Amino acid sequence: METNQETIFQDKVDHEIKIEPKDWMPEKYRQTLIRQISQHAHSEIVGMLPEGNWITRAPSLRRKAILIAKVQDEAGHGLYLYSAAETLGISRDEMYDQLHTGKAKYSSIFNYPTLTWADIGAIGWLVDGAAILNQIPLCRTSFGPYARAMVRVCKEESFHQRQGFELLLTLSQGTDAQKQMCQDAINRWWWPSIMMFGPNDDASPHTAQSMKWKIKRFTNDELRQKFIDMIAEQVKVLNMRLPDADLKWNEERKHYDFGKINWEEFWQVVGGNGPCNKQRLDARKKAWADGAWVREAATAYAEKKASLNPSKGGTSETV
């Protein structure tokens, strides 16, 4: 039976009134948001790794500058989202610890390797394209700090998708080897990208409650279908094909039918057994350890500055 506070809370959600950090909220709502926002933040940070690997090998100065800008964007997205999660009462150090110990998850897509330059285009077009469909509804999510953070994130992600498509378009109009590289990248990233929307609705334990609280606006399967319909048309511009023999337009449904997803692979990757799971976590833990001296120095500086003038939090002088 709902309490009076729960009734007031749900009424606000139903009337599209944003929930703010100081508002009363069910503990399960708070925990659901912490799980989702921290997972989203971790995905942005870990997602820098497969692309950052190609910065030094980009084929031109223009491509290098674009990729550097994109990786910097992903870092910013992670910081926005960690800040949003902190308003729910969890510290950033605690979120980092959950990532490093494997308690918290990040998107399974980032546990696949980037084998060729074309993979950078496939990530932009497919992975960021899937992310956009997931994230645009989050601009209207019921929790205010999360919704506001997503406005800028989505604008930048749309740039990333266009960048990826333009890269693949260039390859698709190049030599036979470049065309083959383009097709190979699409073949390898297609199925993992449609798994990004999560398990089918009947196997997703959080969807129903998240829909009621308007944390989510669409189910996993609804978003996956939108993505497939979109990409099935865009791939024609590239003169490439998607690696699904069952992909075909269904006139009755007005949607594309598609083949069976390998959910065993999905759960294996989510469970830590993907091609690059260990590599990704090792890289994050190493970065955290290597950056310890910076954190310690910043803390010492802040404490010394504050001690000079406690009433004003320090002075502007160099310490």
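Q: Is T141 buried or exposed?
A: In this predicted model, T141 is buried, with a relative accessible area of 0%.

Q: Where is T141 found?
A: T141 sits in the loop between helix 6 (118-135) and helix 7 (144-172).

Q: Which backbone oxygen does the side chain of T141 reach at 2.8 Å?
A: That of I215. The T141 side chain also reaches the backbone oxygen of K214, at 3.4 Å.

Q: And what is T141 in contact with, leaving aside neighbours within four places in sequence?
A: The residues are K18, Y146, A147, K214 and I215.

Q: Changing topic: how much space lies in the largest pocket?
A: About 1000 Å³. Its lining comprises 44 residues, and Q39, N134, M196, F197 and G198 lie nearest the centre.

Q: How does that lining of the largest pocket divide by class?
A: There are 19 nonpolar, 15 polar and 10 charged residues.

Q: Which helices supply at least two residues each to the lining of the largest pocket?
A: Among them are helix 2 (27-46), helix 4 (61-86), helix 6 and helix 7.

Q: What is the volume of the second largest pocket?
A: The second largest pocket has about 220 Å³. Its lining residues include Q31, R35, Q39, E94 and K103.

Q: What about the classes in the lining of the second largest pocket?
A: Three residues are nonpolar, four are polar and four are charged.

Key: Residues are numbered from 1 along each chain as its sequence is written. This is a predicted model: local features need pLDDT of at least 70, side-chain atom pairs count only at pLDDT 80 or more; totals for chains, interfaces and linings use all residues. Side-chain values use heavy atoms; hydrogens and water are left out. Helices (H or I, at least four residues) and strands (E, at least two) are DSSP runs, numbered from the N terminus. Buried means under 20% relative accessible area, exposed over 50%, partly exposed in between (1.4 Å probe, protein chains only). A polar contact is a pair of N or O atoms within 3.5 Å; within protein, one must be able to donate a hydrogen and the other to accept it, and residues adjacent in sequence count only if both atoms are side-chain atoms. Contact means heavy atoms within 4.5 Å. On a 1 Å grid over the protein atoms alone, a cavity is a set of points where a 1.4 Å probe fits but cannot get out, and a pocket is an open set with protein on both sides within 12 Å along at least five of seven lines; lining residues have an atom within 4 Å of a point. Grid points are joined across faces, edges and corners, and a volume is the space filled by probe spheres set on the points. Ala, Val, Leu, Ile, Met, Phe, Trp, Tyr, Cys and Pro count as nonpolar, Asp, Glu, Lys and Arg as charged, and the others, Gly among them, as polar.
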